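I opened the coordinates to look up strands, cores and charged pairs. My notes follow in the order in which I made the searches.

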Amino acid sequence: MRRLGILTILAGLPLAAGTDDSFFLRGATIHTVSGVDIPNGSILVRDGRIVGVGQKLAAPKDIRIIEGRGLQVYPGMIDSATQIGLTEIGAVRETSDAVEIGNFNPELRALTAVNPSSEHIPVARANGITTVISLPDGALLSGQASLIHLDGWTTEEMEVRRSAGMHLKMPAIVTVVSRFPEGQTLTPYTVAKRNYEKQMQELSAFFESARRYQKAKSAQAPDFRTDLKLEAMLPVIEGREPLFVTAIREREIRDAIQFAEKQKIRMILAQAPEAWKVADELKTKNIPVVLGATLALPSNEDDPYDRPATTAADLYKAGVKFAFGSFSTEFTRNLPYQAANAVAYGLPHDEALRAVTLNAAQIWGVADQIGSIDEGKWADLMITDGDPLETQTQVKQLFIKGKAVNLDNKHRRLYEKYLNRP
Amino acid sequence: MRKLVALFLAGFAIYAAPDTVFRNATILTVTRGTLKGNLIVRDGKIADIGDNVIIPIGANVIDATGMYLMPGIIDCHSHIIAESINEGSVSVSSMVRIGDVLNPEDIAIYRALAGGVTTANILHGSANSIGGQCTVVKMRWGKSASELVFEGAMPGIKFALGENPKRRGATPAFGATAVRYPATRMGVEDVIREAFTDAKAYQASWRAYEAKRAKGEIAIPPARDLKLEPLVEVLDGKRLVHAHCYRQDEILMLLQVADEFGFRIRTLQHVLEGYKVAKEIAAHGAGASTFSDWWAYKVEAYDAIPYNAAIMTRKGVLVSINSDDAELMRHLNTEAAKTMKYGGLSETEALSLVTINPARQLMIDQRVGSLETGKDADMVLYDKHPLSNFAKVRKVMIDGQIYFDRDKDIAARPERDARKKALMKKGTEEKKPGFAQRPTQ
């Protein structure tokens, strides 16, 4: 009986995007992330799911074979904080939907505004990113972050989790605001402190009203009316959806921890360059962190020059779970290099890889679906010719839910066109 | 007799400053290949490089076994150290000078050092079609402002095309009370042509005056115009033009304007669509200094591609990779590595983008940009290959002196922390009797 459709991958040739989401990949080094690496391993994928991983798998007769000899296979990477699909060109307001007006917009959902035709999607996935969080970025309580696959004709097809987390920017005492091009605005400390206290009060009051709403709803009060904003708060106060809290300085981080405790809600810290100052408490309270850029300047003039690069290692040593987020749109493709910088400054390589795969999946509650190469999970796979954390490595193939993803993008097309200009 | 000579020389060795030697390093010369061996530094210059070079007696030896030595990184576009960046009130500000506003205590210098940068081209900003005069500096942390200046480097001037110089003309942002010409790319070209038309006339009037004086005639010198003088220097080939530009049409426009007035653009900066007109850039003889992979932050950057440097290199343009950013400049080695991924440049070609190429663009390549005997001892010691994302800078040397040492930086931290704690404690505790206390801020 003839094997149907045997395909050999030649270096650099992208597979045509087809509807076929079943294949048998063999002969590659498989980096499962959840366990040990498998040299000369195989992965069996059926209907988009991984159904077998190992060294001794037999190639089924009805399925196409992908030869992976000399290549490396990793889970597709996850960027835990982006504006992909929400913003096209940062300087042009018409192209950005990340920042809505108002301080309390929990009912807004990022997925609504994600543009599946954004150029940033093919650019990011060309370097192995298969899933991202798209984050609303307005003031205070700005809306629901959505977890999306970077493939799909519509946002429905892209959706992994519509309401992955509720974004809160922890109130802070802000005395200096630097805006381009207006410059710096200075606020006296006493005024800034009052603004901060007012915001904290309003935040607590809002959560209070959400609890009252919940009681009224469950008691089926006669005058109960649906309020979309408060409705959106229910999963958060009932512990089904985490609060994703952007907190920069130690004070805001401690405020956030206290707030989450008082409200009895689950929380994920975002950015948190000073998380190292509260690492032990984060560990005790099981609060995970989505760390911002490691390739960043230290916040204070007298900080050690490598402060942003060593924070990941500090969290790792304290036992805090963390993932990396690019907090960007156009630089999502460089997510693995943020992770690599942390490795240069003390984070074990395997941990860095986890921070852009399995840890991220666990933090966002989708570790049963993605984040590692394990049976039952989606076949979100990256085939490379080397370590994805090193720049020179090329992504040869990318699969999202078992389907080969077209790695072509605007940049490659312009490259080909102008390299060949006579 | 020989004994006397030997004693005489030995005496010299004792009184002269000792040589420094990097021993057993993998030496990436950039221009002369890669070798494993020793590099001898003497009197601020590279004295010898080789796999069999003998270490002089009494030399200060740095054991570089397992480590990589490369030339100090040169950033062709930076605004650190400058206390002011944009004299944005007028469209032609050629009379202002970055060299007059250098702050040697800018912590960005130290942080750039820690990223392997030894020389940078500090530019006026991009608010003006014709900006101010630029200065090349070395990252001599701890020295005074005048001691930062790269002595003998040819002076430069900044031009800017596209969205930035026309931004103020279009909207009253920036707190401006009046709009400022130009508001379009057409106007940007006009501003430059008007300025050089005036400069030509100014140059002619001075030449006429000098001709009269040469003949011994009585003549009244023209009034000095500090705005036009640097533009005449450009016409005379004595001042290098670094032009911020993005789109292919404005790139071609500027090359044509330069041809019209008889001068050459030394470098096109950013030049994110340079790949579309690489042929023309190479024909004009302009260099290109660009980002590794920035794009999409504004409309004119929407067609930017990470293959830009590689395409222009293949088409014969002298290309460098720059930062224009205090953070990005800390890892120009790994930014250069991106050209290997996007466009297939070799290791040496990639390293050249941040060493010998910017040196050539700034015309300081006789002094810096590669590890060759006779050049300045400006170099960086990495613990891994500098094109690896896992590499860290261990030491940075400028003019034969170590200006950054990671081990010493780390060792000094506990003492610094203790001193800071003590000072802060003092600040909160100390109360002078008889003086009214300010409310705590």
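**Entry 1: sheet in chain B**

I began with strand S8 (residues 130-138) of chain B, which runs antiparallel to strand S9 (residues 156-160) of chain B, with three bridges joining the two. Helices (H or I, at least four residues) and strands (E, at least two) are DSSP runs, numbered from the N terminus. Two strands pair if DSSP finds at least two bridges between them. I looked up one bridge: Gln133(B) has Ile157(B) as its partner in S9(B).

For the record, this is a predicted model, where local features need pLDDT of at least 70, side-chain atom pairs count only at pLDDT 80 or more, and totals for chains, interfaces and linings use all residues. Residues are numbered from 1 along each chain as its sequence is written, chains are lettered from A and ligands numbered from 1 in the order in which they are written, and side-chain values use heavy atoms, with hydrogens and water left out.

I then traced the sheet and found it open, with eight strands in mixed pairing and the order S6-S7-S8-S9-S10-S11-S12-S13 (chain B). Its edges are strand S6 (73-78) and strand S13 (319-321) of chain B, each pairing on one side only. Neighbouring strands of this sheet are turned by 25 degrees against each other on average, direction ignored. Axes are lines fitted to C-alpha atoms, for helices over the stretch in contact, and angles run from 0 to 180 degrees between N-to-C directions.

Helix H6 (residues 228-235) of chain B lies across S8, S9 and strand S10 (240-245) of chain B, at about 100 degrees to S9(B).

**Entry 2: sheet in chain A**

I repeated the search in chain A and found an open sheet of eight strands with mixed pairing, in the order S6-S7-S8-S9-S12-S13-S14-S15 (chain A). Strand S6 (77-82) and strand S15 (322-324) of chain A each have a single partner strand, so one side of each has no neighbour in the sheet. The twist averages 25 degrees from one strand to the next. Strand S9 (residues 159-169) of chain A pairs in the parallel sense with strand S12 (residues 243-247) of chain A over four bridges. Lys169(A) has Thr246(A) as its bridge partner in S12(A).

**Entry 3: cores and a buried helix**

A nonpolar core is a set of buried Ala, Val, Leu, Ile, Met, Phe, Trp, Tyr and Cys residues joined through side-chain atoms within 4.5 Å. Buried means under 20% relative accessible area, exposed over 50%, partly exposed in between (1.4 Å probe, protein chains only). The largest core has 89 residues, and Met139(B) and Phe159(B) are among those with the most contacts inside it. Helix H5 (residues 185-214) of chain B gives the largest share of this core, nine residues.

I listed contacts (heavy atoms within 4.5 Å) for Met139(B): leaving aside neighbours within four places in sequence, they include Ile80(B), Leu113(B), Ile398(B) and Tyr403(B). Apart from this core lies another, of 81 residues, including Val33(A) and Leu282(A).

Why do I call helix H10 (residues 332-341) of chain B largely enclosed by the rest of the structure? Because 10 of the 10 residues of H10(B) are buried. Among them are Glu335(B), Lys338(B) and Lys341(B). Just after H10(B), Gly343(B) takes a positive phi of about 120 degrees.

**Entry 4: salt bridges**

I counted 59 salt bridges over all chains, a salt bridge being a side-chain nitrogen of Lys or Arg within 4 Å of a carboxyl oxygen of Asp or Glu.

Lys410(A) forms one with Asp303(B), with the closest N and O atoms 2.8 Å apart. This pair crosses between chains, from helix H12 (residues 410-419) of chain A to the loop between strand S12 (287-290) and helix H9 (308-314) of chain B. Lys410(A) is buried at 11% relative accessible area, while Asp303(B) is partly exposed at 21%.

Arg32(B) and Glu372(B) meet in another (2.8 Å, N to O), and the two are 340 residues apart in the chain. Arg32(B) is exposed at 63%, whereas Glu372(B) is buried at 14%.

**Entry 5: confidence**

Chain A has a mean pLDDT (the predictor's confidence in each residue, from 0 to 100) of 94, and 95% of its residues reach 70 or more. Over residues 1-19 of chain A pLDDT stays under 50.
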